[in-house]
Amino acid sequence: MEILTLNNCTIRFGGLTAVDSLTTHVGQNELVGMIGPNGAGKTTVFNIITGVYDPTEGDVLFNGESIVKYKPFEVTAKGIARTFQNIRLCQSLSIRDNVKVSYNKSCKSRLVSSVIQPGSYFKEENEIDEDIDRLLEMFDLHVDSDDYAKNLPYGEQRKLEIVRALATKPQLLLLDEPAAGMNPSEKKDLMKLIQTVKEKFKISILLVEHDMSVVMGICERIFVLDYGKKIAEGKPEEIQKDPKVILAYLGEEVKK
Amino acid sequence: MRNSKLLFLVSVVAIFGINLLSGSINQYYYQIIIYAGINIILATSLNLINGYTGQFSLGHAGFMAIGAYLSASISTYFAPQLIAILGEGAFGHAVWFLVVLLIGGLGASVAGLIVGVPSLRLKGDYLAITTLGFSEIIRVVIQNLNIIGASQGFRSIYVYDNGVRSLEAVQEYSNIGYKFYEVPKYTDFFWTFLVVAIIIFGITNLMRSTYGRGFIAVKDDEIAAESMGINTTKFKVTAFVIGAFFAGIAGGLYAHFIQYVNPEDFNFLRSVEIVVMVILGGMGSTLGVVIAAIILTILPELLRDVQQYRMIIYALLIIIMMLLRPQGLFGINISRGKKKTRPAEEKSKGA
């Protein structure tokens, strides 16, 4: 069963074809990796899936439904969450509140009840708080959750972004270079964490990463982009041996 | 906070109690207190738009003008008939005033919606210019509407026995045969500070809630907020409409206090004055904005003794303030953090 299907997706910015007729899929509870050299169009693919860009051609299906026309917040409501390559946490919100923002879509308390605050409001807010505590606990973020998110060390900010994405209760999680800027031991922890998240929340994950040890270590399937085109797809071992992939990453061998 | 409702009730009772004593207050001080209240309403409502949601609006005086003129003209044109239905007593007047205020607020919020939906696609300076342009349009339109006094200002109307209502007519026949109605003076300490209490408690409660955090997320990072499932357009328009509503109510209170409204009361400088209160108080801090509104109401009055240097001192104080505390009186200093001062590690730009 496929949860996400990209059908011949193409996006052009003027004369530049950033993603060229990409067809791929992510299965139920599958961990898929997307790799490729810089500028291959990986983040653009994320932006197409999450509705930031509309593809010039082609279709994106989520659970069999086309999500091309949805806006980013509607895509999130459908069950796709993402993290960002350059961390995008809310600077003036605390750690807890950063996560809390994600509960907005499922929160029953809207404008009026937030102002008047009936009994059910406090019940809901308490439930949200407990849920946040559980998530932070699971991610080993044993910190003062009332502190500003930007005071966290870099690696933990990345983790917080994943927590925030998970708080939207997604079925599919898109991780954009979650290991960037982490040291080897942090990377190892993160790999374990990603797998735990996948098992525990029963979600599918699409992962973009430059660190090959991470990608090869946890991904069940990998596809490779180069100049917007998919040049290879398969199991990690197959990808490592694929001459096209080696060519894209290392360049052509000089023939004598 | 669970006890916020209790605190609200206590403050309403306190406002009612103080209102009973208001007769003994010097008229001059009383006027300053009412103006401070109106300014608090204006500044806190603008703070929701500019401070919390981060949308720079420069057109608050426009919404205030709509509320002021709408409620004043309804009061003047229709109050005599409708008060007759409810009776001349205090109750009749109170109900009527509340209705008039709400109509003024709703009128302003409809205008907020009309302006907000197209212009909130813009950001920063562009939005500021659009909202400024809008408030100037309102002012110019009012200036040319004879029915509400045009550029002479709206003071009163004259109801003729034959039912013809006209401002010009009275200048020709300024003797017998008409009844004289002016904008009634309904606004008092109770009404003004009741609205102040409502807006302060409302915004404080709202900003503490999960829903309210959405507004701040929109300010901090729209793309991130959107991807966390926040409909940023809706949040921005909501903030705009609520802000305009309370600006309209403040306008209504203003009109029913001085019983005279002039388009020049709602010019560009008025908008700037409210923005200064928000910036001085600290964007996104209700307490700071309230204090700044009070200070900026009292300060020009205190400086009356040194009349000719008044604006210089006023301007200097604002400059000094901005140099010493750029984040405002109670604003959060983002670069310092709340509790710990551990600097975030150097952010490497991921490739």
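In what sense, parallel or antiparallel, do S9(A) and strand S10 of chain A pair, and over how many bridges? S9(A) and S10(A) (residues 229-234) pair in the antiparallel sense, over five bridges. Strands are DSSP runs of E with at least two residues, helices are runs of H or I with at least four, and both are numbered from the N terminus. Two strands pair if DSSP finds at least two bridges between them.

The model is predicted: local features need pLDDT of at least 70 and side-chain atom pairs count only at pLDDT 80 or more, while totals for chains, interfaces and linings use all residues. Residues are numbered from 1 along each chain as its sequence is written, and chains are lettered from A and ligands numbered from 1 in the order in which they are written.

One of the partners in S9(A) is Ile222(A), paired with Gly33(A). S9(A) (residues 221-226) is mostly covered, with five of its six residues buried. A residue is buried if 20 or more other C-beta atoms, placed from the backbone, lie within 10 Å of its own.

Helix H1 (residues 42-49) of chain A is mostly covered as well, with eight of its eight residues buried. Among them are Lys42(A), Val45(A), Phe46(A) and Ile49(A). Gly51(A), which follows H1(A), has a positive phi near 85°.

In chain B, the axes of helix H11 (residues 268-281) and helix H12 (residues 286-302) come within 7 Å and cross at roughly 125°. Axes are lines fitted to C-alpha atoms over the stretch in contact, and angles run from 0 to 180 degrees between N-to-C directions. H11(B) and H12(B) are therefore oblique to each other, the class left when angles under 35 degrees (roughly parallel), over 145 (roughly antiparallel) and 65 to 115 (roughly perpendicular) are set aside. Residues of H11(B), including Val276(B) and Leu280(B), meet residues of H12(B), including Ile291(B) and Leu296(B).

Between the chains, 39 residues of chain B are in contact with 45 residues of chain A, contact being C-beta atoms, placed from the backbone, within 7 Å. Helices H7 (189-208), H8 (210-220) and H9 (222-227) of chain B each give two or more residues to the side that touches chain A. H8(B) gives the most, with eight residues.

Note on methods
Two residues are in contact if their C-beta atoms, placed from the backbone, lie within 7 Å. A residue is buried if 20 or more other C-beta atoms lie within 10 Å of its own, exposed if 12 or fewer, and partly exposed in between; C-beta atoms are placed from the backbone.
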